[in-house]
Structures are given as structure tokens and as C-alpha cells.
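Me: I would like to go through a structure with you, step by step. Could you look at it with me?

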Amino acid sequence: MKYWLFKSEPSTWSWDDQVAKGDSGEEWDGVRNYQARNFMREMSVGDRGFFYHSQKEKAVVGTVEIIAEAHPDSTTDDARWDCVDIKALTPAKTPVTLDDIKADERLGEMVLVKNSRLSVQPVTEAEWQVICEMAGIAP
């Protein structure tokens, strides 16, 4: 299993929006960055991810599961862009902010710390464990 982080502006697509989709989940569409797209192409059904609110909150607010592997993004006719489908799993009991992540030396090499603008990014298993612990989520 691999681990990922999905960033979204809550005013565009929030954790509550994701939860409302239930088990049917939702396409993680609209990504127009080659590196983020390539990460989605590496994902497998069953992989897990953090749902991260960007903008003002800047925090991990829950976990998601990949429920469909990379396929054409339905929001464009441009064949270069793919997306995956995800469903909400568990809300964070305590949201883990970017400041919290930066303050923990165990997370100093995390992609979120090094390249906070990337909308889809990998998370190591060790980083997954640490953030789940911080969020009060069973890994």
C-alpha cells in the first residue's frame, strides 16, 4: 500500500463535500500539473491518502481511500489529464496543521514541507504513521 496527500481549497471541495459522497466517492478532477497527474497514475485501489484543506486552514482534516485507479478526467477533453476516484474514510479528531507538521522534526523531509504547492503528493509510511498519531486516527 502507498500513501498520498490530496490538497483542496475548502471553498471549492471540502472534507464535508467528500464525506457527503459516501462510498461512491468522487473523481479527484481538475488537476493540471504533470507531476501531480503522474502521482495519480501510480495509485492503486486501496491506497490511502490524507485530505488536506489548503488556503487559510492548511491542515490534514481526514483520510481517504483510492477507489478507482487513474482514468481520463471527465472535466476536460484533453487526453493528457487523468484522475483517480477517492472516498472519505476517517475524519481527523484533531486537524494537523502545516505548522504542526513543520514543527515535528520527523516530518522535515515531507513533500508538503518541501513543496507545499503540489496538489497531489506522496507520503511515506513513516510520515503516515506520525500524522495519523497527531490527528488521533488509527493508522
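Predicted model: local features only at pLDDT ≥ 70, side-chain atom pairs only at ≥ 80, totals over all residues.

Me: How many helices and strands does the chain have?
Reply: The chain has five helices and six strands. Both are DSSP runs numbered from the N terminus: helices are H or I with at least four residues, and strands are E with at least two. Along the sequence the pattern reads β-α-β-α-β-β-β-α-α-β-α.

Me: In what order do the strands lie in the sheet?
Reply: The six strands form an open sheet in the order 2-5-4-3-1-6, with mixed pairing. Strand 2 and strand 6 (120–123) are at the edges with a single partner strand each, so one side of each has no neighbour in the sheet. Two strands pair if DSSP finds at least two bridges between them.

Me: How do strand 3 and strand 4 pair?
Reply: Strand 3 and strand 4 (residues 59–72) pair in the antiparallel sense, over six bridges. Arginine 48 has glutamate 65 in strand 4 as its bridge partner.

Me: New topic: how many aromatic pairs are there?
Reply: There are seven aromatic pairs. Rings of Phe, Tyr and Trp (its six-membered ring) pair if their centres lie within 6.5 Å; planes under 30 degrees apart count as stacked, over 60 as edge-to-face and the rest as tilted. In one of the pairs, phenylalanine 6 and tryptophan 28 have ring centres 5.2 Å apart and planes at 65°, so this pair is edge-to-face.

Me: Where in the chain are those two?
Reply: Phenylalanine 6 is in strand 1 (residues 3–8), and tryptophan 28 is in the loop between strand 2 (26–27) and helix 2 (34–42), 22 residues apart.

Me: Why does the pair of tryptophan 28 and phenylalanine 51 count as edge-to-face?
Reply: The ring centres of tryptophan 28 and phenylalanine 51 are 5.6 Å apart and the planes are at 85°, so the pair is edge-to-face. Phenylalanine 51 belongs to strand 3 (residues 48–53), so the pair ties together parts 23 residues apart in sequence. Ring pairs link Phe6, Trp15, Trp28 and Phe51 into a cluster.

Me: Is tryptophan 28 buried or exposed?
Reply: Tryptophan 28 is buried, with a relative accessible area of 7%, and phenylalanine 51 is buried at 0%. Buried means under 20% relative accessible area, exposed over 50%, and partly exposed in between (1.4 Å probe, protein chains only).

Me: Last one: which side chain makes a polar contact with the side chain of aspartate 82?
Reply: That of arginine 41 does, at 2.8 Å. A polar contact is a pair of N or O atoms within 3.5 Å; within protein, one must be able to donate a hydrogen and the other to accept it, and residues adjacent in sequence count only if both atoms are side-chain atoms. Aspartate 82 is found in strand 5 (residues 82–97) and counts as buried at 12% relative accessibility.

Methods. Residues numbered from 1 in each chain as written. Heavy atoms only, no water.
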